[in-house]
Amino acid sequence: MSARVRLTMAQAVVRFLSQQRSSRDGREQPFFGGVFGIFGHGNVAGIGQALQGQGETLRYYLARNEQAMVHTAAAYAKMHNRLRTLACTSSIGPGATNMVTGAAGATINRLPVLLLPGDIFAGRGPAPVLQQLESSHSQDVSVNDCFKPVSRYWDRINRSEQIVTALPEAMRVLTSPAETGAVTLALPQDVQAEARDYPAALFEPRVWTIARQPADRDRLRDAASLIRASVRPMIVAGGGVLYSEATDVLRRFVDATGIAVAETQAGKGSLPDPHPLSLGGVGATGTRAANLLARDADLIIVIGSRLSDFTTASKTAFQHHQVRFVAINVAEMDAGKHAALPLVGDARVILEELLSLVSGYHVDAEYAERLAASQNDWRLEVDRICNPQSNPQFVSQAQVIVVLQETLGPSDVIVCAAGSLPGDLHKLWRVRDPKGYHLEYGYSCMGYEIAGGLGVKMAAPDRRVYVLVGDGSYLMMAQEIVTAVQERIAITIVLLDNAGFASIGGLSESVGSGGFGTRYRARNPQTGELDGDPLPVDLAANAGSLGATVWRANTIPAFRDALSAAAGHTGVGVIVVPVDRESRVGGYESWWDVPVAEVSDSAGVRRAREAYEQARRKERDFL
Ligand SMILES: Cc1ncc(C[n+]2csc(CCOP(=O)(O)OP(=O)(O)O)c2C)c(N)n1
Ligand SMILES: [Mg+2]
């Protein structure tokens, strides 16, 4: 009989995880950088017991909120180009369901995270247990069923031997560039503690090779013909360029062909700045230079993008009557969007192949001239937006961004997720390093920022990490500052306080609703609305109370001083900058489909509806 090891199921899971490695291009690393967790009765005696004393092989990190720890894991995975991640353990019930939002975020962003929620007793004996959701139709239901639609692999380990087949499946999905996302293994609390004789081979070191899949030859040839026939081509670079580490070949491809590159939020940094063919962000939050070229382009080469509505300006971005798409993507579903000619496989390998197939092709002189002119126009516009004289009374968000751009080093990382910052950064930030711009904009989940910053810094301890966060997001999830303090993880948080939601406030105004419900104001006894006094909230004091070192910066010079003080600080630093809610960066030749009420007593809403119907006519089907 083959060798066996007697372990509890939880001990076996932990031992297995500690032995998993990933490898790409001959570089190998442990797949799991540790386990984040919050213990409760659903995991303390199982996974909790198994993690104790494992600091050398699989370190345990105590988080403050289960949603946050999934964001941390996703950010860690993103920073590692999906070659590594963290596992997350929770109790049953609320600890588990707190992870659902994080799971959705990871899956939508195609980032591997392993979730190990505790589950109700498989043996059912003491049911209903504390925090159990009961059903009168089935006893085979628990809150962990909520993970099914947000996980790429989901399993419930009702018998301890099931992990022998479930764990390799979990790893297959986590390390699959096309399938990756949240993987959930729900672990009933009684089964976690149950012992059995596991095959020793389960715990041998395993290396998961991340394949670089080439594309189909016929389709490559057709793609090359489309490129050769195009007059106004453009590249839309998404996160896949970065995950595949295809930035070098992308640069060689555009240098050879003269085709300009616009970037999605996830793809920003694909063609690092400065480069004459870089157009910056594209779509709803894109630059005028990128959006004008997109409007008239006859061929869009999409690389590693899901083509979300922000990228396509809700399918209004591409207006050439015969526009065609070539899509390079490791996921078949994404490669087929917009009726693209699908090149399914790894971005780096496919770009190498395409490069030789289009050799000799170059865009014409008119294209190059037009490009230079639109880039010049955009530079002037950026100067205008960022000019500190434009509104001297208040600090604007754009000014803060400009100062950060001037101050930060090329390898420093900015982290952001929701609010008005992502749009402004997408337009204004010049990324000098492929991993310097970390935006979670697939789920745009308020609360990701600080938790994500933690994951980024854990993945790249040698880089300085700057978390940019609005007051709304901060109030939703600031508590991971405590986790960063606990782990001595140095991050700088730049907290932009505009007393509410500038982003959704602006959107509300644009749909005729005047910013209703988006200001942090006290209930006004006269009007009965939230338009009373400013709230006596002191976010700086709040951050300080969590263990951060805090700077208050009410002016741009004070912000500069705070940044230089923070750069020399070795703990968690928070710089609080009050910013003007009303000085927004506008949109450029773009649109975002947010339906406006079709009937209303308000003239403003009716006007907004008319404009909406007009704009929607530009939406296209690509069949
Ligand atoms: C968890 C979550 N809830 C709600 C939203 C919708 N939403 C998007 S931006 C935003 C306001 C963000 O406020 P803040 O962080 O202060 O940024 P600002 O808009 O002021 O720049 C809201 C509520 C979201 N993206 N995520
Ligand atoms: Mg705000």
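Predicted model: local features only at pLDDT ≥ 70, side-chain atom pairs only at ≥ 80, totals over all residues.
1. Thr180 sits in the loop between helix 5 (163-174) and strand 9 (182-188). Is Thr180 buried or exposed? Thr180 is buried, with a relative accessible area of 1%. Setting aside residues up to four places away in sequence, Thr180 touches Arg82, Arg110, Leu111, Pro112, Arg152, Val173 and Leu174.

2. The magnesium ion (ligand 2) deserves a look next. Which protein atoms are its donors? They are Asp471 (OD), Asn498 (OD1) and Gly500 (O), lying 2.0 Å from the ion. Along the chain, these donors follow the spacing D-x26-N-x1-G. Asp471 belongs to helix 18 (residues 471-476), while Gly500 is in the loop between strand 21 (492-497) and helix 20 (502-510), so this pair ties together parts that are 29 residues apart in sequence. Both Asp471 and Gly500 are buried.

3. Now to strand 4 (residues 32-37). Five of its six residues are buried, so strand 4 is largely enclosed by the rest of the structure. Strand 4 pairs in the parallel sense with strand 6 (residues 85-90) over four bridges, and Gly37 has Thr89 as its bridge partner in strand 6. Strand 4 also pairs in the parallel sense with strand 5 (residues 60-62), over three bridges. There, Val35 has Tyr60 as its bridge partner.

4. There is also an open sheet of three strands, in the order 3-2-11, with mixed pairing. Strand 3 (27-30) and strand 11 (206-209) stand at the edges with a single partner strand each, so one side of each has no neighbour in the sheet. From one strand to the next, the twist averages 30°. Strand 2 (residues 20-24) pairs with strand 11 in the parallel sense, over four bridges. If you want a residue pair to find this on screen, Gln20 stands opposite Arg206 in strand 11.

5. As a general background remark, nonpolar side chains tend to be buried together in soluble globular proteins. Here the largest nonpolar core has 92 residues, and those with the most contacts inside it are Ile235, Phe253, Leu425, Phe559 and Val577. Which helix gives the most to this core? Helix 14 (residues 365-386) does, with six residues. A second, separate core of 55 residues includes Val113, Leu115, Tyr243 and Met458.

6. Ile235 makes a handy entry point to the largest core, being one of the residues with the most contacts inside it. Leaving out neighbours within four places in sequence, Ile235 is in contact with Leu250, Phe253, Val254, Ile259, Ala260, Val261, Ala262, Ile301 and Ile303. Among these contacts is Phe253, itself listed with Ile235 among the residues with the most contacts in that core.

7. Finally, a residue with another kind of setting. Gly123 lies in the loop between strand 7 (113-119) and strand 8 (153-156). Gly123 is exposed, with a relative accessible area of 56%. How many Å separate the C-alpha atoms of Gly123 and Val363? The separation is 68 Å, for two residues that are 240 residues apart along the chain.

Notes. Residues numbered from 1 in each chain as written. Chains lettered and ligands numbered in written order. Heavy atoms only, no water. Donors = N, O, S within 2.8 Å, 3.2 Å for Na, K, Ca; no water. Helix = DSSP H or I, 4+ residues; strand = E, 2+ residues; numbered from the N terminus. Buried < 20%, exposed > 50% of the residue type's maximum accessible area, 1.4 Å probe, protein only. Contact = heavy atoms within 4.5 Å. Pairing = 2+ DSSP bridges. Axes fitted to C-alpha atoms, helices over the stretch in contact; angles between N-to-C directions. Core = buried A, V, L, I, M, F, W, Y, C linked by side-chain atoms within 4.5 Å.
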